[in-house]
Amino acid sequence: MKRFFDAELEAFRSHILQMGERAMDQTRLAMKALLEADIALADKVIAADDEIDKLEVQIDDEAIRYMTLRGPVASELRLIVVGMKASHDLERVGDEATGIARRARKLAIEPPLELYGDLPRMSKIALEMLRDALDCFVQEDEQKALSVIRRDPEVDNLNRALYRRLTSYMIEKPDTIARALELMFISKSLERIADHATNIAEEMVFLSKGLDIRHSDIGKQAVLPTPGSNPPV
Amino acid sequence: MVTTFAPMTESVASSVASRPVAVAPSTPVNPAARAIIEIDDVDFNYGAARALYDITLNIQERQVTAFIGPSGCGKSTLLRCLNRMNDLIDGAHVSAGQIRIDGVNINDPRVDVIELRKRVGMVFQKSNPFPKSIYENITYGLRIQGQKNKARLDEVVERSLRGAALWDEVKDRLHESALGMSGGQQQRLCIARAIAVEPEIILMDEPCSALDPIATAKVEELIHELKKQFTIVIVTHNMQQAARCSDRTAFFYLGKLIEYADTRTIFMNPANPQTEAYVSGRFG
């Protein structure tokens, strides 16, 4: 049975996806600004962060309104709760992208430091993770969400490897310390973006299965346990 | 020979409100509590018309169990089976299966139905105080059981009204007509009347459907208190009420039990799509 307020729920879902698109665009553009030393593009990314912040406020408002007026339960309640949490993660992705853009701006006026190493690869993986996590918001596919979670160590390892490489470089060439530190922060930002994608994926498992897998090893298991096991009737 | 249930804990004189909650190690007040009511493969008919199909569920002692479902799904029929109120309807009968309370088949011909209803009290949708004083409403059941001791009756009246969170509101007008009370007070009076005879189980058939939100909140608060002493089964059309008040929820549809689980599961993550659709207001 169709209800007169079903459209509100669909609008809410689509606003999360819209916010996700914006956060991914911001990350992509910030990385482009870094790799191409494009100050104008970095400025554009920095200026656009405000739009993501506004979307977070709007999504929270819609969620609170829906909870107040529509009394959601079951999968609808999970959607609203997960949507609020995901929007917070996406807002943080936007912040990380802005941080990358700010550092890209600084690096663009310095002599180039050809140590970007795996940053493009990290960015690619983090964005794929974010894309897949957001796809789960539509498909409610917990297996896809789990595959996102399992990719997170890949980005962590790349971040650690770059950190080690940059540390050695700074010891060898102390005049590069300031620039190398910027790259370390950028690497850390990409690692954080992958963490946010992981958070969203964990939330998607809750959305799909009603199972809270945060802070546990459940995400690493091949088969998820049955949530809220019903006592025998 | 008439099979009677074991006598109540003590005499009627023992207080309702202050009756200790018997929590022996073997009968913990928790989700693993023992099943006081066992409904086992029950079919029920109104004449030739089948109203319930193969219902099996256990109701735990000192918990609130909510029956939900659209009109005509059989939830009230099942509720009325639990103290054989359906006996009053011609042709209505349990056509298969068993309902056991404390292991006793309540439809056994040897069961004394009056004794059964003393143990399994009922509160109806519409408050139905007798056209008598507040005091006489409470003592009615005891009087017909032969209780005449004024001091004992006074004590039961006070404790029952306190138990129903009504004492402070009516203590100065106990001998006024119950019909002069507000709807919410009348319903709580009916609850007080039900607990005056010290039942173990209280059945509530949409007890708040005619009440305003404040009176509803008082009854819900009362349900929360009463479950410390009584097992409560409530039929409600109010989803939020079921979510707020009950420990376990059973969803019925077209005479069948669709899902029975702890209330959190039913409202957060039901296993059955029909349950999900109903609790979300998508059908029914």
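## A two-chain predicted model

Chain B has 10 helices and 10 strands; helices (H or I, at least four residues) and strands (E, at least two) are DSSP runs, numbered from the N terminus. This is a predicted model, in which local features need pLDDT of at least 70, side-chain atom pairs count only at pLDDT 80 or more, and totals for chains, interfaces and linings use all residues. Residues are numbered from 1 along each chain as its sequence is written, while chains are lettered from A and ligands numbered from 1 in the order in which they are written.

Chain B holds 284 residues, and 46% of them are buried. A residue is buried if 20 or more other C-beta atoms lie within 10 Å of its own, exposed if 12 or fewer, and partly exposed in between, with C-beta atoms placed from the backbone. Two residues are in contact if their C-beta atoms, placed in that way, lie within 7 Å. Of the contacts in chain B with a separation of 6 or more, 70% join residues 24 or more positions apart.

Within chain B, helix H3 (residues 134-144) packs on helix H6 (residues 183-196) at an angle of about 30°, with the axes 8 Å apart. Axes are lines fitted to C-alpha atoms, for helices over the stretch in contact, and angles run from 0 to 180 degrees between N-to-C directions. H3(B) and H6(B) are therefore roughly parallel; angles under 35 degrees count as roughly parallel, over 145 as roughly antiparallel, 65 to 115 as roughly perpendicular and the rest as oblique. The crossing of H3(B) and H6(B) is right-handed, a term for a near helix turned clockwise from the far one by less than a right angle. On the H3(B) side the contact includes B:Ile134, B:Ile138 and B:Leu142, and on the H6(B) side it includes B:Leu189 and B:Arg193. By class, this contact has seven nonpolar, two polar and one charged residues. Ala, Val, Leu, Ile, Met, Phe, Trp, Tyr, Cys and Pro count as nonpolar, Asp, Glu, Lys and Arg as charged, and the others, Gly among them, as polar.

Chain A has six helices and zero strands. Its C-alpha trace spans about 70 × 35 × 20 Å along the principal axes. Of the 233 residues of chain A, 42% are buried, and residues 24 or more positions apart make 79% of the contacts with a separation of 6 or more.

Two helix pairs illustrate the packing in chain A. Helix H3 (residues 74-108) and helix H6 (residues 177-209) of chain A meet at an angle of about 170°, with their axes 9 Å apart, and are therefore roughly antiparallel. The contact of H3(A) with H6(A) has 12 nonpolar, four polar and 11 charged residues. The axes of helix H1 (residues 6-35) and helix H4 (residues 119-139) of chain A come within 10 Å and cross at roughly 175°, so H1(A) and H4(A) are also roughly antiparallel. Among the residues that meet are A:Ile16, A:Met24 and A:Met31 in H1(A) and A:Leu127, A:Leu130 and A:Phe137 in H4(A).
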